[in-house]
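Me: I would like to go through this protein step by step. Could we start with its pockets?

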Amino acid sequence: DPLYGDAQPTNELCTYYAALDITRPPFDDPMVRRAFSTAIDRAEYVDVVSGGDNTPAAGLYPPGLPGFSADLQPPASDPEEARRLLGQSAYGAVEALPEIVLTASGGGMGVPPAVALLTSMWEEALGVTVTVEQFDSESFYGQLYAGNHGQIVMTGWCADYPDPENFADILFHSGS
């Protein structure tokens with residue numbers, strides 16, 4: 001094969017994340033957001049979900065994209081700190097939190113493993129029960145744009161072309 005030796009493995013230019021809707025309680029409180037983030041063991045998540053083939057996100061840009069920094073580190077998992085942060089929130093305790101719904105694309109007989117793992121981490125670290133709702137892939141984004149979603153949305157972005165502008169502008173421009 002004339003290309004033998006020229007093919008190089010690359011990273012998928014994607015970032016997947018749980019988006020927290022800061023306009024909806026309880027994620028209108030920054031301490032609750034920090035508590036939920038601190039409760040996640042990102043290394044375990046990546047190991048279980050992808051067999052360790054991905055990199056825990058520490059910033060907006062994935063490895064291989066200009067702007068990615070290997071110096072950035074994702075927040076450390078610390079269940080004790082997560083509980084402390086939740087206690088410092090305006091809600092003060094798990095019992096005071098409203099029902100929390102996570103919206104994901106999917107359907108069928110069960111919750112996707114990535115979603116199940118994430119919700120179990122929150123339950124184990126914080127004692128929070130997160131209800132999962134799923135929309136089929138054809139209607140998922142239509143439901144999101146119509147505002148029919150929970151306070152947490154499983155989503156992500158893959159670059160259409162290898163430029164950080166394809167993340168920053170599409171996802172965070174004031175008109176997007």
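Me: What volume does the second largest pocket have?

Reply: In this predicted model, the second largest pocket has a volume of about 190 Å³.

Me: Which elements give two or more residues to the lining of the second largest pocket?

Reply: They are strand S2 (100-105), helix H4 (113-126), helix H5 (140-145) and strand S4 (152-158). Among the lining residues are Ala-104, Ser-105, Phe-140, Tyr-141, Met-154 and Thr-155. Pro-112, Pro-113, Ala-114 and Val-115 also belong to the lining.

Me: And how many nonpolar, polar and charged residues does the lining have?

Reply: The lining of the second largest pocket has 8 nonpolar and 3 polar residues, and no charged residues.

Me: Let us step back. How many helices and strands are there in the protein?

Reply: The protein has 6 helices and 4 strands. Along the sequence they follow the pattern β-α-α-α-β-α-β-α-β-α. The C-alpha trace spans about 65 × 40 × 35 Å along its principal axes.

Me: What percentage of the residues count as buried?

Reply: Of the 176 residues, 31% count as buried. As for contacts between residues at least 6 apart in sequence, 74% of them join residues at least 24 apart.

Me: Now helix H2. Which of its residues are buried?

Reply: Helix H2 covers residues 42-50, and Arg-42, Tyr-45, Val-46 and Ser-50 are buried there. These residues lie on the same side of H2, because they cover an arc of only 95° around the axis.

Me: Which residues are exposed on the other side of H2?

Reply: Ala-43 and Val-48 are exposed on that other side.

Me: What do the buried residues of H2 pack against?

Reply: They pack against helix H1 (30-38), H4 and S4.

Me: What is found at the start of H2, and what follows H2?

Reply: At the start, a side-chain oxygen of Asp-41 comes to within 3.3 Å of the backbone nitrogen of Ala-43. After H2 comes Gly-51, which has a positive phi, near 65°. For comparison, most residues other than glycine have a negative phi.

Me: Back to Ser-50 for a moment. Why does Ser-50 count as buried?

Reply: Ser-50 counts as buried because its relative accessible area is 18%, and the cut-off for a buried residue is under 20%. The side chain of Ser-50 reaches the backbone nitrogen of Asn-54 at 3.3 Å. From Ser-50 to Tyr-17 the C-alpha atoms are 14 Å apart in space, and the two residues are 33 residues apart in sequence.

Me: Next, Gln-151. Where is its place, and is Gln-151 buried or exposed?

Reply: Gln-151 sits in the loop between H5 and S4. Gln-151 is buried, with a relative accessible area of 9%.

Me: What lies 2.8 Å from a polar atom of the side chain of Gln-151?

Reply: That is the backbone nitrogen of Val-101. Leaving aside neighbours within four places in sequence, Gln-151 is also in contact with residues including Ala-19, Leu-20, Pro-25, Pro-26, Glu-99 and Ile-100.

Me: Which kind of peptide bond joins Pro-25 and Pro-26?

Reply: A cis peptide bond joins them, with omega about 5°. In general, most peptide bonds are trans. Pro-26 itself is placed in the loop between strand S1 (14-20) and H1.

Me: What about H1? Which residues does Met-31 touch?

Reply: Met-31, which is found in helix H1, touches Leu-85, Gln-88 and Ser-89, not counting residues up to four places away in sequence. Met-31 and Ala-82 are 51 residues apart in sequence, and their C-alpha atoms are 9.1 Å apart in space.

Me: One last residue. Is Ala-125 buried or exposed?

Reply: Ala-125, found in helix H4, counts as buried at 5% relative accessibility. Leaving aside neighbours within four places in sequence, Ala-125 is in contact with Ala-39, Pro-79 and Arg-83.

Me: How many residues apart along the chain are Ala-125 and Asp-78?

Reply: They are 47 residues apart along the chain, and 8.3 Å separates their C-alpha atoms.

Key. Residues are numbered from 1 along each chain as its sequence is written. This is a predicted model: local features need pLDDT of at least 70, side-chain atom pairs count only at pLDDT 80 or more; totals for chains, interfaces and linings use all residues. Side-chain values use heavy atoms; hydrogens and water are left out. On a 1 Å grid over the protein atoms alone, a cavity is a set of points where a 1.4 Å probe fits but cannot get out, and a pocket is an open set with protein on both sides within 12 Å along at least five of seven lines; lining residues have an atom within 4 Å of a point. Grid points are joined across faces, edges and corners, and a volume is the space filled by probe spheres set on the points. Ala, Val, Leu, Ile, Met, Phe, Trp, Tyr, Cys and Pro count as nonpolar, Asp, Glu, Lys and Arg as charged, and the others, Gly among them, as polar. Buried means under 20% relative accessible area, exposed over 50%, partly exposed in between (1.4 Å probe, protein chains only). The arc is that of the directions from the helix axis to the C-beta atoms. Contact means heavy atoms within 4.5 Å. A polar contact is a pair of N or O atoms within 3.5 Å; within protein, one must be able to donate a hydrogen and the other to accept it, and residues adjacent in sequence count only if both atoms are side-chain atoms.
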